[in-house]
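Please keep the sequence and the structure at hand while reading.

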Amino acid sequence: MAPVNVTVTGAAGQIGYALLFRIASGALLGPDTQVSLRLLEIPQAVKAAEGTAMELDDCAFPLLSGIEVTDDAKKAFDGANVALLVGARPRTKGMERGDLLEANGGIFKPQGEAINAGAASDIRVLVVGNPANTNALIAQQHAPDVPAARFTAMTRLDHNRAISQLSSKLGVSVGDIKRLAIWGNHSATQYPDVFHTDVNGKSAADIVNDETWLAESFIPTVAKRGAAIIEARGASSAASAANAAIDHIHDWVLGTPAGDWTSMAIPSDGSYGVPEGIISSFPVTCQGGEYSIVQGLEINEFSRTRIDASVAELVEERDAVRALGLI
Ligand code: NAX
């Protein structure tokens, strides 16, 4: 079987460094799938990415059939089956939101065009670089020939963080927790929802039975975990972000376990009152390489207000990139 072409942007960055070795070891697509890596960087960082490629060679991974490093998006995405868009323009001091969106438009518009021009027909895109949901929307809007549903953004780190926080609150192992959901934007407004979560056959919300803890401790801890990591580590989350990116693609391609679901930011089909087209996080199941939104969940007042607030932020971001002519 031909190797799967996996393109990683921002390959010389800290997430890239934590991600590439795991992709090459088989963690992304399983122990039977050969991968060929394409690393996209800006010209100043190509040399550093080449250094990482040398280290990848030195691991002699049996599943790694080749590595190419380039600063040309057309080459990087040519024939790509999986694209992990990690490189983005971070917010720097004094930067307004419009400047940030514009700078990222300058990255995700040409990358969307390059995906449109040359990616394989089964291309699956995960945007990690922030603002991830809106960057995914920008890339998607410049790839009109690719099915819109193939553009997704990462809320799996938030999902994993929420499972971890809940497991320590309840004194259970992470494997005992099923069906947690992240709704909305990958930002401080995201909503980690435990009202449908199952812990060893019981409802997590019933066991917790404390809306004050949810509102004042759990939700802000999950939403602000990125800032807490920066405070402690002196650098933003890297290995945990890479791990979440692996989980996202792994489950999309190979499926979610029976009886469980995961969280992915995907183009809304209007489910749960989320306006069609915006890239918002939902609980999803995956099977046969396709995801579907978990339907029929009852949304209580506590959840509704929070989902609506996060979705309103996404609508604002979409309107802002529209006003800037980026989509
Ligand atoms: P780094 O600054 O370490 O690396 C970013 C890399 O991207 C750099 O090597 C840079 O040269 C490269 N780059 C910039 N523009 C590029 C372009 N046009 N084409 C190709 N490469 C380009 O950042 P890192 O810590 O790796 O984080 C990467 C992104 O992930 C950031 O936007 C960050 O905010 C975002 N995150 C998203 C998370 C999520 O859950 N969705 C969590 C972790 C992380 O904060």
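Which residue in E11 is the bridge partner of Val199? The partner is Lys202. The model in which this pair is found is a predicted one.

## The sheet of E7, E10 and E11

The pair of Val199 and Lys202 belongs to the pairing of strand E10 (residues 198-199) with E11, which is antiparallel and has two bridges. These strands are part of an open sheet of three strands, ordered E7-E10-E11, with antiparallel pairing. Strand E7 (177-178) and strand E11 (202-203) each have a single partner strand and stand at the edges, so one side of each has no neighbour in the sheet.

## Domains in the record

The feature "domain: Lactate/malate dehydrogenase C-terminal" is placed by UniProt at residues 155-320.

Strand E5 covers residues 124-127, and both of its faces are covered. Arg124 and Leu126 are buried on one side, and Val125 and Val127 are buried on the other.

E5 pairs with strand E4 (residues 82-85) in the parallel sense through four bridges; within E5, Arg124 stands opposite Val82. E5 also runs parallel to strand E6 (residues 151-153), to which three bridges join it. Phe151 in E6 is the bridge partner of Val125.

E4, helix H4 (residues 97-118) and E5 form a right-handed unit. E5, helix H5 (residues 132-141) and E6 form a right-handed unit as well.

## The ligand and its surroundings

How many residues surround the ligand? There are 23, and the closest are Gln14, Ile15, Glu41, Val128 and Asn130.

The corresponding distance is 3.3 Å for Val128 and 3.4 Å for Met154. On its own the ligand has 880 Å² of accessible area, of which the protein covers 79%.

Is Thr262 buried or exposed? Thr262, which is found in strand E12 (residues 262-267), counts as buried because its relative accessibility is 2%, under the 20% limit. Its side chain makes a polar contact of 2.9 Å with the side chain of Arg156. Burial extends along the strand: six of the six residues of E12 are buried. E12 pairs with strand E13 (residues 279-287) in the antiparallel sense over six bridges, and Ser263 stands opposite Pro283 in E13.

Ser292 lies in strand E14 (residues 290-293). Ser292 is partly exposed, because its relative accessible area of 40% falls between the limits of 20% and 50%. Ser292 and Phe282 are 10 residues apart along the chain, and their C-alpha atoms are separated by 9.3 Å.

## Backbone geometry in the loops

Most peptide bonds are trans, and most residues other than glycine have a negative phi.

Asn130 and Pro131 are joined by a cis peptide bond with omega of about -5°. Pro131 is found in the loop between E5 and H5, while Asn130 is one of the residues closest to the ligand.

Where is Arg179 found? Arg179 is in the loop between E7 and strand E8 (181-183). Its phi is positive, near 65°, although the residue is not glycine. Arg179 counts as partly exposed, at 33% relative accessibility.

Asn209 also has a positive phi, of about 50°, without being a glycine. Asn209 is found in the loop between helix H7 (204-208) and helix H8 (211-223). Asn209 counts as exposed because its relative accessibility is 65%, over the 50% limit.

How values were computed
Residues numbered from 1 in each chain as written. Predicted model: local features only at pLDDT ≥ 70, side-chain atom pairs only at ≥ 80, totals over all residues. Heavy atoms only, no water. Buried < 20%, exposed > 50% of the residue type's maximum accessible area, 1.4 Å probe, protein only. Pairing = 2+ DSSP bridges. Right-handed = clockwise from strand over helix to strand, strands pointing away. Near = heavy atom within 4 Å. Polar contact = N/O pair within 3.5 Å; in protein donor to acceptor, adjacent residues only side chain to side chain. Areas by Shrake-Rupley, 256 points an atom, 1.4 Å probe, with all protein chains shown as cover. UniProt positions renumbered as here; feature names shortened; annotations may be inferred.
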